[in-house]
Amino acid sequence: MPRHNLPLRRTGLKFFAPLIISACTITAPQNPASEPAPKHPTVQHNAEELIQLQHQLTALQQQLENLTKQVKEISQQQATLSRYLNVRLAGNHQPTAISPVAGKNTDNTAEAHRLYRAGLYAQAIRLLKNAESGGDGSSKAQERMWLLLQNHARLNNCESVINIGQRFNSLYPHHSQSANALYLVAQCQNRMQQQDIARVTCKHIINTYPNSAAAVKAKQFLNKKK
């Protein structure tokens, strides 16, 4: 090879060397990752799981409500049974008096009072079923009729409250509970959507028994209805 061509070749190599290196750098393939990227759950998958959890939670809440209701009912039954047993035991220690007429007329007023205090209103009403008419007008008959009225009021037996209360006031207008009997009547009339009649009853209480506690409550009732 002639010596005069060497400088030219060296100059060419110096010119093309950077271009070759740059080309190799550009076209060099990237090294693939040694392991595949981990798969993440999709948004839709997460939403489906959340919906399932919500359904399960709703079902558990419903079961809890049902169990709570059952426990409450059992507790109420136990409380009622306990009160009844206490009343019966107390009655055994204090036997009721029997009238001398062949033992036919038993005075169960004391037992009816015990049932009322124990909250066994339906049982007390059964004992006092003959007191609705007012009896013979004696103090015992008046006591039994007033007690019967109170038991019906506790059970919200409004038709019975109105009938017995009005009859009690008519038979015994000077009784210490006569004004209260009329106020129980007014309350039931109001519950039965007889507001106008309830107002008339309250006005009657105020005019007839102005100094009674029932008159104060009747005034409050009328003020609320204005």
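## A buried ring

Phe168 is buried, at a relative accessible area of 1% (buried means under 20%, exposed over 50%, partly exposed in between, with a 1.4 Å probe and protein chains only). The model is predicted: local features need pLDDT of at least 70, side-chain atom pairs count only at pLDDT 80 or more, and totals for chains, interfaces and linings use all residues. Residues are numbered from 1 along each chain as its sequence is written, and side-chain values use heavy atoms, leaving out hydrogens and water.

The whole structure holds 3 aromatic pairs. Rings of Phe, Tyr and Trp (its six-membered ring) pair if their centres lie within 6.5 Å; planes under 30 degrees apart are stacked, over 60 edge-to-face, the rest tilted.

Trp146 and Phe168 form a tilted pair, 6.1 Å centre to centre with 40 degrees between the planes. Trp146 sits in helix α5 and Phe168 in helix α6 (residues 158-171), so this pair ties together parts 22 residues apart in sequence. Helices here are DSSP runs (H or I, at least four residues), numbered from the N terminus. Trp146 is buried too.

Phe168 also pairs with Tyr172: the centres are 5.5 Å apart and the planes at 70 degrees, so the pair is edge-to-face. Tyr172 is buried, at 10% relative accessibility.

Technical notes:
Helices (H or I, at least four residues) and strands (E, at least two) are DSSP runs, numbered from the N terminus.
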